[in-house]
Amino acid sequence: MKKYLLIIILITIILFITSCSAGNIEIGDTIMAPKNESLPIYGKWVIEDYKVTVEEEEVEEIVKYYMGKDALFHEDLVVLGDDCCKDPIFKTKNINTWDYILYHYKTNPDFLGIEKDKIQIISITSEDQFFYEFIKESDDKIIVNIDGVFFYLRLVSQKISDEDVAEYFYKEKAMFKSSSLADSQIVNSSILIGLKSLNLEDQNGNIENWNYRTILIRSYNKEIVSIYEMKDIFLPRKTGFWKVEVQREKDNDKILAYPLKKTVDGEMKKRKIVKGKEKTGENNSLKNILYVGNDYISIEKINHLNKGERLLEFYLIDNLNEDSPVKISHIAGEAGKASLLDEGYKAILSSDSQYRYSSIDFSPNEENFGLFRRNGHWIYKGRVNFVQDGMYSYKNFNIKVVPSKEVVHYDELHIPWNAIKSKVPEAIDAFTSPAEDIIIIVTRNSIMIYPIDKGDIGHTPIGKIKLKPTEKIIMDEWSIGKYPEMWEEEFIKNGGVVIED
């Protein structure tokens, strides 16, 4: 009995001592490790430098506004200048430096002073709304692009007080990002989207056949006014509207491009192109259109009678009848040629050893390139061809130069790709209006149109178009201001009909 009594007394004393000790501990010592240990960016920062890829006069006000401003990164709040994001969500990814800088910002890592092959990208969102995206160059140096200006931020302090956070929470001017010009004005936008799909019902001897159509979408004040479609590609050019179509005769394709304006010159132009392609179409090749622009067309030529060899070719639309593909150096200079050769050899060396010793000449061909879609932009890809198991095969590779405005008239994406994926995870492509009023988001099954509100994607789509199986985009041409109505009128006049659900 004494033994049990002694045990009870000892337990009581221990519990008493523990409770007293806990009462004497300072509150600050009881708090668990702060959340900031898991945040990719934390603390107080300051904007101390910048770089621009355009004329500084165009961004003078932006630079003047942001230079010297503070930034705050906290688990409850992120602040950049007077822009504020409450309850932020941080997302990080490691990505190839060249690919990211080139295709997102149309410049190169050398310009930004980045030497690493891989960089960490940190995107910040709140309630499905995108805030900013940061390039983390090091633990104390990050870069952010704001309206075309690259701002460099330096870490000032890793400590953030409750007073710092509270100050921003109660600053009304810091609660929302400034709205863009498009948010304060009524805007009128339209887009012509060229689409290509495999004809799954007409596969003659497994020979590929493609159907083409054009969709016109017109919006007014961020509301859809009309959606039309027509067969083939309805192409706006400086000289007026043209039609691009593919005609097949005995498993041989001819690409026809001609002005729609009914003039003698127009009819002569059409006959000239048809005749030219008849002369050069004797090699029995299929033509798969990859891209159509104001002045250029990118195609894949398939020599189906020769074991399926697939070559890329790039043409001036006005020179289609000459059957003389453009070389990469003619439209992208020596930098384009150098990148094609360099990346082409890398693609060869990275292939299996059997490819290296193929009977086909592996030397990258300066004419073997084309335009493809990637994350909301048109990019150049080159191709090397080889023989595998007695059949032709190929390997594509990226060419690290940005298509010029002469090749792709408009290729800006005003909403960052990460923000688009956050809004629509199944997105595979996107286009934004030059007026920044609407965004077209493409999935594998549909085209969705959203309004752009205060620089962010609206909550609800204002239009949706069902895509055909295998359908891909090969053209996007925007018009704003007084031109959307004119485009719509011409589209209807040349056979455009209201699209069926």
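A salt bridge is a side-chain nitrogen of Lys or Arg within 4 Å of a carboxyl oxygen of Asp or Glu. Glu229 and Arg213 meet this rule, with N to O at 2.7 Å. The model is predicted. Its chain has 501 residues, and 51% of them are buried. The secondary structure comes to 12 helices and 28 strands.

**Overall picture**

- The accessible surface of the chain is about 26200 Å². Carbon and sulfur atoms account for 50% of that surface.
- Take the contacts between residues at least 6 apart in sequence: 58% of them join residues at least 24 apart.

**Salt bridges**

- The count of salt bridges comes to 25.
- The bridge between Glu229 and Arg213 links strand β12 (residues 223–231) to strand β11, across 16 residues of sequence. Glu229 and Arg213 are both buried.
- Arg213 also forms a salt bridge with Glu471, where the closest N and O atoms are 2.8 Å apart. Glu471 lies in the loop between β26 (463–466) and β27 (472–480) and Arg213 in strand β11, so this pair ties together parts 258 residues apart in sequence. Glu471 is buried, like Arg213.
- Arg237 and Asp318 meet through their side chains at 3.0 Å, N to O. Arg237 sits in strand β13 (residues 233–237), and Asp318 in the loop between β18 (309–316) and α9 (328–349). The two are 81 residues apart.

**Aromatic pairs**

- The structure holds 16 aromatic pairs.
- Trp45 and Phe73 pair edge-to-face, at 6.1 Å centre to centre with 80 degrees between the planes. Trp45 lies in strand β1 (residues 43–52) and Phe73 in strand β2 (residues 70–73), so the pair ties together parts 28 residues apart in sequence. Trp45 and Phe73 are both buried.
- Tyr66 and Phe151 have ring centres 5.5 Å apart and planes at 45 degrees, so this pair is tilted. The pair links helix α3 (residues 60–66), which holds Tyr66, to strand β9 (residues 149–157), which holds Phe151. They are 85 residues apart, and both are buried.
- Ring pairs join Trp45 and Phe73 with Phe131, Tyr132 and Phe134 in a cluster.

**Ser422**

- Ser422 is in helix α11 (residues 417–423). Its relative accessibility is 18%, so Ser422 counts as buried.
- The Ser422 side chain reaches the backbone oxygen of Asn418 at 2.9 Å.
- Leaving aside residues up to four places away in sequence, Ser422 touches Lys91 and Thr125.

**Asn365**

- Asn365 is placed in the loop between α10 (353–356) and β19 (369–374). With a relative accessible area of 39%, Asn365 is partly exposed.
- The Asn365 side chain reaches the backbone nitrogen of Glu367 at 2.9 Å.
- Leu341 is 24 residues from Asn365 along the chain, and their C-alpha atoms are separated by 8.0 Å.

**Nonpolar surface patch**

- Ile186, Tyr220 and Val225 make a nonpolar surface patch of about 290 Å².
- Tyr220 is partly exposed, with a relative accessible area of 43%.

Definitions and conventions:
Residues numbered from 1 in each chain as written. Predicted model: local features only at pLDDT ≥ 70, side-chain atom pairs only at ≥ 80, totals over all residues. Heavy atoms only, no water. Helix = DSSP H or I, 4+ residues; strand = E, 2+ residues; numbered from the N terminus. Buried < 20%, exposed > 50% of the residue type's maximum accessible area, 1.4 Å probe, protein only. Polar contact = N/O pair within 3.5 Å; in protein donor to acceptor, adjacent residues only side chain to side chain. Contact = heavy atoms within 4.5 Å. Patch = residues over 30% accessible without salt bridge, like charges linked within 9 Å, V, L, I, M, F, W, Y side chains within 5 Å. Areas by Shrake-Rupley, 256 points an atom, 1.4 Å probe, with all protein chains shown as cover. Phe/Tyr/Trp six-rings, centres within 6.5 Å; stacked < 30°, edge-to-face > 60°.
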